[in-house]
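Please look over the sequence and the model shown here before reading the report that follows.

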Amino acid sequence: MVTVEDDRLVEAVLKGKVEAFGGIVRKYEKTVFNLMYRATGSREEAADLTQEAFLKAYDRLHTFHAGRKFYPWLYTLSINVARDYLRKRQRQPITSFRDPETIAETAFADTHAIAEADRSAELQSLFEILRSLPLDDREALLLRFREGLKMKEIAEQLGLSVSGAKMRVQRGLHKLQKAWEDIDHA
């Protein structure tokens with residue numbers, strides 16, 4: 001996702017060409033929206049938080065260091081918007097899983113386990129478990145298994161060391177597995 005185009009757009013905005021920010025929004029709006037949707041489970045809240053994230057990005061664009069990768073900067077800013085929102089709500093969001101297939105496509109696009117899973121109760125249970133994980137663990141898992149990122153890339157996205165990224169993915173997998181086993185034994 002990192003290109004010379006990002007640097008060009010950022011530079012144009014900083015020089016007063018406000019319309020260049022539209023190029024940044026068009027390039028990253030779906031990715032930021034998906035992040036917010038995974039955090040909230042609500043399309044309406046995700047849309048509002050996406051807008052808030054881009055407003056903050058615009059306001060803080062002067063803090064971006066040219067020559068660095070733009071997407072990790074935007075991702076960090078966006079995840080902080082989501083965290084702040086969830087803290088204000090002071091509880092984990094509860095999501096209705098009326099359409100588990102749509103949620104599956106959003107969360108784990110090409111995962112073989114999902115393709116083989118029963119499309120009703122098992123999918124619903126899986127996504128309820130995933131939604132119950134802390135945002136940091138959930139994001140690490142989604143970056144690894146949905147986005148297919150390598151540990152180094154996950155570390156960059158989350159602002160961690162590579163070993164920290166590995167630990168977060170492993171911790172998330174462990175929590176997911178434990179919760180799945182608890183459901184199986186219930």
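How do the axes of H4 and H8 cross? They come within 12 Å and cross at roughly 140°, where axes are lines fitted to C-alpha atoms, for helices over the stretch in contact, and angles run from 0 to 180 degrees between N-to-C directions. The crossing of H4 past H8 is right-handed, a crossing being left-handed if the near helix is turned anticlockwise from the far one by less than a right angle, and right-handed if clockwise. H4 contributes Tyr75, Ile79, Ala82, Arg83 and Leu86 to the contact, and H8 contributes Leu135, Asp136, Glu139 and Leu143; contact means heavy atoms within 4.5 Å.

This is a predicted model in which local features need pLDDT of at least 70 and side-chain atom pairs count only at pLDDT 80 or more, while totals for chains, interfaces and linings use all residues. Residues are numbered from 1 along each chain as its sequence is written, and side-chain values use heavy atoms, with hydrogens and water left out. Helices (H or I, at least four residues) are DSSP runs, numbered from the N terminus.

The chain has an average pLDDT of 79, with 78% of the residues scoring at least 70; pLDDT is the predictor's confidence in each residue, from 0 to 100.

| Helix | Residues | Mean pLDDT |
|---|---|---|
| H6, lowest | 112–116 | 42 |
| H3, highest | 43–60 | 94 |

Over residues 92–106 the pLDDT is below 50, and this stretch has 34 contacts in the model beyond near neighbours in sequence.

The largest nonpolar core has 48 residues, of which Ile24, Met36, Phe70, Trp73, Leu74 and Ile154 touch the most other members; such a core is a set of buried Ala, Val, Leu, Ile, Met, Phe, Trp, Tyr and Cys residues joined through side-chain atoms within 4.5 Å. Its largest share, 10 residues, comes from H4.

Helix H2, spanning residues 21–40, bends by about 55° at Tyr28, the bend being the angle between axes fitted to the seven residues ending there and the seven starting there. Its buried residues include Ile24, Tyr28 and Met36, where buried means under 20% relative accessible area (1.4 Å probe, protein chains only). Beyond four places in sequence, Met36 is in contact with residues including Gly41, Leu49 and Val81.

Gln157 lies in helix H9 and counts as buried because its relative accessibility is 9%. Among the residues that Gln157 touches beyond four places in sequence are Tyr71, Tyr75 and Leu143.

Notes
Helices (H or I, at least four residues) and strands (E, at least two) are DSSP runs, numbered from the N terminus. Buried means under 20% relative accessible area, exposed over 50%, partly exposed in between (1.4 Å probe, protein chains only).
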